[in-house]
Amino acid sequence: MTVDLAVVGATGAVGRTALDILADRNFPMGNLRLFASARSAGRKLYTAWGKVEVEDLDKADPQGIDLAIFSAGASRSRTHALRFVEAGAVVVDNSSCFRMDPAVPLVVADVNDHALRSHGGIIANPNCTTMVLMMAVAPLHRAAGLRSMVATSFQSVSGSGQKGVSELSGQIEHFRGDRSGLVRGGWVDPGGEVYGRPIGFNVLPLAGSETDSHYTDEEWKLVNESRKILEQPELVVEPTCVRVPVMVGHGLAASVWFDRPVSRSEALQILSEAPGVEVWNHMPPTPLDSAGGDQTLVGRVRETVGSLGGLNLWAVGDNLRKGAALNAVQLTERLLLQT
């Protein structure tokens, strides 16, 4: 059986990554259609299934599409996802548009696959930061019942798209010519469009847009999406999201407590058996180790020393792959198994 599939936002980083992953996993492709904004329409992309012309999303007819992976931002998902569903497609959406809609399942493959059964045509992909955290925490939750967690993210600039990557690259070059300013102070602000402060050789303790509560939208995603995915509406989550000068790979340091104490040895055993997780005991995994890979890497598992009975751990994953494109492809594969 082959499937007629669409990638919406095909010229972006996540869309291109999705095409690579579909090819690597030998997806049973029938007709492949690619969509993007009018600016990219008419371009031809080389894919594993031949050269495919990019269609204008605003004008295209979605009839005949079985599955659609949307990676074009919340506004385009809001405008077009239901149009694709009405034409007969099932949409896996990478944006924030539908994540907290109670009628739309929010699914991490290998964590809450059962939620796919309740879809009404749209399935939401969680935020890439939440995705990495859930891969590490959900197996422990299934074993001992997660009660509360304190989570600090260290998010790469590719989470802000190609503009974030370009801004970091440009600022690194700027500061290379201003080394004395970096060491002694008096540095010259390189300016930037994506972040409010320089990201080159720097750490920004505020990732996302600040809300009225003084938490950012990225931090609220960690809270609300974790609760929905784990089906724990009362879960206590204390979030801090940080942007770091890393190209690809989101890391999270988390302290987690359960309905019962969990020892380090038990946690390592659980995590070593969890699908999609790779435990690193020989050294702490870093974003560079995760880049280009499909596994969530977990290390530095320690029993808590303050409030006893919990665990501290570190998790890192490729935010463009498992954090977005890979999970979307995995969900399409699971949808095929249901048919």
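The following questions and answers concern a predicted model. Local features need pLDDT of at least 70 and side-chain atom pairs count only at pLDDT 80 or more, while totals for chains, interfaces and linings use all residues. Residues are numbered from 1 along each chain as its sequence is written, and side-chain values use heavy atoms, with hydrogens and water left out.

User: Which strands stand at the edges of the six-stranded open sheet, and why is one side of each left without a neighbour?
Analyst: The sheet is mixed and runs in the order β9-β8-β10-β13-β12-β11. Strands (E, at least two residues) and helices (H or I, at least four) are DSSP runs numbered from the N terminus, and two strands pair if DSSP finds at least two bridges between them. Because each has a single partner strand, one side is left without a neighbour in the sheet for β9 (236-243) and β11 (277-279).

User: Which residue of β13 is the bridge partner of G251?
Analyst: Strands β10 (residues 250-258) and β13 (residues 311-317) pair in the antiparallel sense over seven bridges. In β13, the partner of G251 is V316.

User: What angle does the direction of helix α7 make with that of β12?
Analyst: Helix α7 (residues 264-272) packs on the sheet and touches β11, β12 (296-303) and β13, contact meaning heavy atoms within 4.5 Å. Axes are lines fitted to C-alpha atoms, for helices over the stretch in contact, and angles run from 0 to 180 degrees between N-to-C directions. For α7 and β12 the angle is about 170°.

User: How is α3 oriented to α9, roughly parallel or roughly perpendicular?
Analyst: The axes of α3 (residues 128-144) and α9 (residues 321-338) come within 8 Å and cross at roughly 85°. Angles under 35 degrees count as roughly parallel, over 145 as roughly antiparallel, 65 to 115 as roughly perpendicular and the rest as oblique. Helix α3 is therefore, relative to α9, roughly perpendicular.

User: Which residues of α9 does α3 meet?
Analyst: From α3, the residues involved are C128, M131 and M135. Their counterparts in α9 are K322, G323, A324 and N327.

User: Which residues lining the largest pocket are the closest to its centre?
Analyst: On a 1 Å grid over the protein atoms alone, a pocket is an open set of points where a 1.4 Å probe fits, with protein on both sides within 12 Å along at least five of seven lines; lining residues have an atom within 4 Å of a point. Elements giving two or more residues to the lining include α3 and α9. Of the 45 lining residues, the closest to the centre are S71, G73, G159, S160 and G161.
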